[in-house]
Structure formats: C-alpha cells, structure tokens
Amino acid sequence: MVLEKVAKIIAERIDCDASTIQNETKFEELGIDSLEVIELLMSMEEEFGTEIELEGTKLTTVADLVQLIESKLQ
C-alpha cells in the first residue's frame, strides 16, 4: 500500500506512469536529485499524515523511502 502511494506521488511529480516505479528504482534513474527528494518527503508527510525526518538516512531508491515511511507509521 505504501509503495503504491509513493509511486503515485513520484509519478505525478515527474509525469510518468506509476507502474514503472518499483522498489528497486533509483531516484537518480528518475532524474530526481537530493533537493527533489526533500520536496517529495514533504508531499509524503502530507499524504501519510506523519512527520518524516531523514535522521542521517540516505535515500537512494524508492525502497529506502518506503521503508522510512513504514517505520514512521508503526
């Protein structure tokens, strides 16, 4: 469920098909830089209704972001 929401938000932001975004997809492959990852985090906070802090975590793949969000929702 989290992956689907994350993929949808990313797809809307970069104008692509959400089905092409998988766990192993790297942000770099999508043309998303570190600043855009931060902007994505803000969108995710709104969508999931929780504060998400990186806490020294490096987000490289969609799976990294999904795991971070899931840890905040528990």
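This is a predicted model: local features need pLDDT of at least 70, side-chain atom pairs count only at pLDDT 80 or more; totals for chains, interfaces and linings use all residues.
User: How many residues of the contact of H1 with H2 are charged?

Analyst: The classes are nonpolar (Ala, Val, Leu, Ile, Met, Phe, Trp, Tyr, Cys and Pro), charged (Asp, Glu, Lys and Arg) and polar (the others, Gly among them). In the contact of H1 with H2, seven residues are nonpolar and one is polar. The charged count is five.

User: At what angle do H1 and H2 pack, and how is that arrangement described?

Analyst: Helix H1 covers residues 2-14 and helix H2 residues 34-48 (helices are DSSP runs of H or I, at least four residues, numbered from the N terminus). Their axes (lines fitted to C-alpha atoms over the stretch in contact, with angles from 0 to 180 degrees between N-to-C directions) lie 11 Å apart, at about 130°.

User: How close do the axes of H2 and H3 come?

Analyst: Helix H3 spans residues 62-73, and its axis crosses that of H2 at roughly 40°. H2 is therefore oblique to H3. The axes come within 12 Å.

User: Which residues of H3 meet Leu41, Met44 and Phe48 in H2, and what is the class of the contact residues?

Analyst: From the H3 side, the partners are Leu65, Leu68, Ile69 and Leu73. The residues of this H2 with H3 contact include no polar and no charged ones, and the seven are nonpolar.

User: How far apart are the axes of H1 and H3?

Analyst: H1 and H3 pack at about 125°. That angle is why H1 and H3 are oblique to each other. Their axes are separated by 10 Å.

User: How many nonpolar residues does the contact of H1 with H3 have?

Analyst: On the H1 side, Val2, Leu3, Val6 and Ile10 meet Val62, Leu65, Val66, Ile69, Glu70 and Leu73 in H3. By class, this contact of H1 with H3 has no polar residues and one charged residue, while the nonpolar count is nine.

Definitions and conventions: Residues are numbered from 1 along each chain as its sequence is written. Side-chain values use heavy atoms; hydrogens and water are left out. Helices (H or I, at least four residues) and strands (E, at least two) are DSSP runs, numbered from the N terminus. Angles under 35 degrees count as roughly parallel, over 145 as roughly antiparallel, 65 to 115 as roughly perpendicular and the rest as oblique. Contact means heavy atoms within 4.5 Å.
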